[in-house]
Amino acid sequence: MFVIKCPYCGERDQTEFSCHGESHIARPENPNEVGDVEWGKYLFFRSNPKGMHYERWTHDHGCRRWFNVQRHTVTDKIMQTYKMGQPKPKGIND
Amino acid sequence: MKYSLLNLVRNAFSYHENWQEAWTNPGLKKEYDIIIVGGGGHGLGTAYYLAKQFGLKNIAVLEKGWIGGGNTGRNTTIIRSNYLWDESAALYNHAVNLWEGLSSELNYNVMFSQRGLFHLAHTVHDMQEITRRGYSNHLNGIDAEILNKEDVLKKIPFINGDGRYPIMGALLQRRGGTARHDAVAWGYARAAENLGVDIIQNCEVTGINITKGIVTGLETTRGSVKAKKVGLVPAGHSSVLANMAGFQLPINSVPLQALVSEPIKPVLDCVIMSNAVHVYVSQSDKGELVVGAGSDAYNSYSQRGSFDMIEHIMGPLVELFPIFSRLKMLRQWGGIVDVTPDRSPIIGKTPIENLFINCGWGTGGFKATPGSAHVFAETVATGEPSKIAAPFSIDRHYSGALVDEAAAAAVAH
């Protein structure tokens with residue numbers, strides 16, 4: 001359990017939020033032209049790193065907005081949070 | 001030394017001080033024919049069946065910590081096979097069949113106890129789910145009894161059938177139950193070593209050597225080692241090892257936690273599960289209540305779960321069993337589970353030749369230990385997935401032929 005700094009509401013308890021997996025996975029521009037393997041990779045395959053993870057959260061019991069979090073998956077330490085649509089940051093201690 | 005009544009009596013004369021070690025700590029050789037990475041029940045079992053069933057020699061199991069110290073020693077020891085889909089039913093029932101003979105097969109008491117397992121139903125939807133699954137089990141030759149409320153209250157008289165989570169019925173698998181998780185790892189380790197398998201503890205894999213798409217060996221914290229074939233059975237760290245070999249898996253690793261109470265006199269003689277309120281509880285032979293909690297919904301390798309998950313499990317537990325409300329919980333721990341999109345495992349080949357993988361067991365791998373080990377041994381030995389393992393190839397995430405137990409069984413595994 002940890003505290004997350006929502007970019008819109010500030011620091012709140014993690015139980016107010018829910019996590020929705022890895023960020024910055026672009027949907028293929030034209031799905032009809034994408035083969036099964038590439039589509040499968042887009043849908044299911046993830047980096048699942050032991051280390052820095054870029055992930056999507058929503059503030060369910062707050063502003064209900066989506067944002068990104070950079071978190072270390074061993075220490076659960078959150079390095080930064082940033083808004084949806086912002087490019088993947090260079091990373092702190094990546 | 002065989003474990004038998006005769007040897008027990010014989011060793012009593014020397015005050016039980018001369019029993020030989022169940023397994024030793026050999027050094028890492030330069031080269032093996034087959035290396036299994038991961039010394040949990042699945043990995044040790046794979047090595048055992050490779051040696052026993054396929055007569056293979058020169059096998060090693062590498063474990064980064066101590067054997068059985070990962071998820072094999074961290075689960076709630078529940079065993080069942082009442083899965084919905086045919087593919088899963090075949091796999092998990094293969095395991096239950098092996099569980100039934102395991103203690104004598106290994107000459108090691110794994111304390112497999114078929115005490116019966118109840119899946120509680122609290123709503124009309126729950127009743128429909130267990131009825132559908134029960135009928136599917138019947139078609140697959142798996143024992144399943146669909147009980148009504150009176151049946152459940154007769155069997156478990158102190159359960160609160162009219163509380164916040166009213167009980168409408170349950171799905172009972174009498175062949176389900178529990179086993180002693182440590183003994184499973186120890187029994188397979190001892191039996192495997194008796195057949196010549198080297199069990200190398202405190203040996204973490206740090207790299208996978210690949211030449212022209214074929215695996216040639218491993219880098220470890222105890223030096224380099226060559227191998228003709230490698231089987232990865234790393235549970236929570238599956239993606240870490242896959243990344244070393246240069247490919248990704250359809251897996252997210254999350255913490256799953258469990259807790260045990262202080263020991264009390266025998267009170268609960270079966271296993272209780274409720275998918276709807278996420279309660280799993282049984283009583284160990286030591287008298288402790290073993291309680292499984294839910295997994296956290298974010299990726300983590302921290303081996304500790306969040307506090308809100310404990311609250312999330314204890315609330316419904318006390319509601320269903322008011323007599324447990326004054327018990328103290330003594331220990332709590334977490335393990336890292338590798339969860340696939342369809343909550344079914346991945347068993348088979350990888351993009352690298354001679355590199356095989358058995359992972360993705362998620363929150364429910366313990367129950368499958370002998371079956372998983374057995375089908376994976378065949379896969380590694382022959383180079384082709386066994387008949388039971390074939391539907392669980394990594395390719396199903398491209399073809400769309402998922403074995404979707406996530407939707408079938410809601411949450412509990």
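This is a predicted model: local features need pLDDT of at least 70, side-chain atom pairs count only at pLDDT 80 or more; totals for chains, interfaces and linings use all residues.
Leaving aside neighbours within four places in sequence, Leu102(B) touches Tyr49(B), Val110(B), Tyr188(B) and Pro370(B), where contact means heavy atoms within 4.5 Å. Residues are numbered from 1 along each chain as its sequence is written, chains are lettered from A in the order in which they are written, and side-chain values use heavy atoms, with hydrogens and water left out.

Leu102(B) belongs to helix H3 of chain B, residues 86–106; helices here are DSSP runs (H or I, at least four residues), strands likewise (E, at least two), numbered from the N terminus. Leu102(B) is buried, at a relative accessible area of 1%, the term meaning under 20% (1.4 Å probe, protein chains only).

I turn now to the interface. Here, 23 residues of chain A contact 26 of chain B. The two chains bury about 2100 Å² between them, 54% of it on carbon and sulfur atoms; this is the accessible area (1.4 Å probe) lost on being put together, summed over both parts. Phe44(A), Phe45(A) and Asn48(A) supply 33% of the area that chain A buries against chain B, more than any other three residues.

How many salt bridges are there between chain A and chain B? The count is zero, taking a side-chain nitrogen of Lys or Arg within 4 Å of a carboxyl oxygen of Asp or Glu as the criterion.

On the side of chain A that touches chain B, helix H1 (36–44) and strand E4 (52–58) each supply at least two residues. H1(A) gives the largest share, five residues.

Conventions: Buried means under 20% relative accessible area, exposed over 50%, partly exposed in between (1.4 Å probe, protein chains only).
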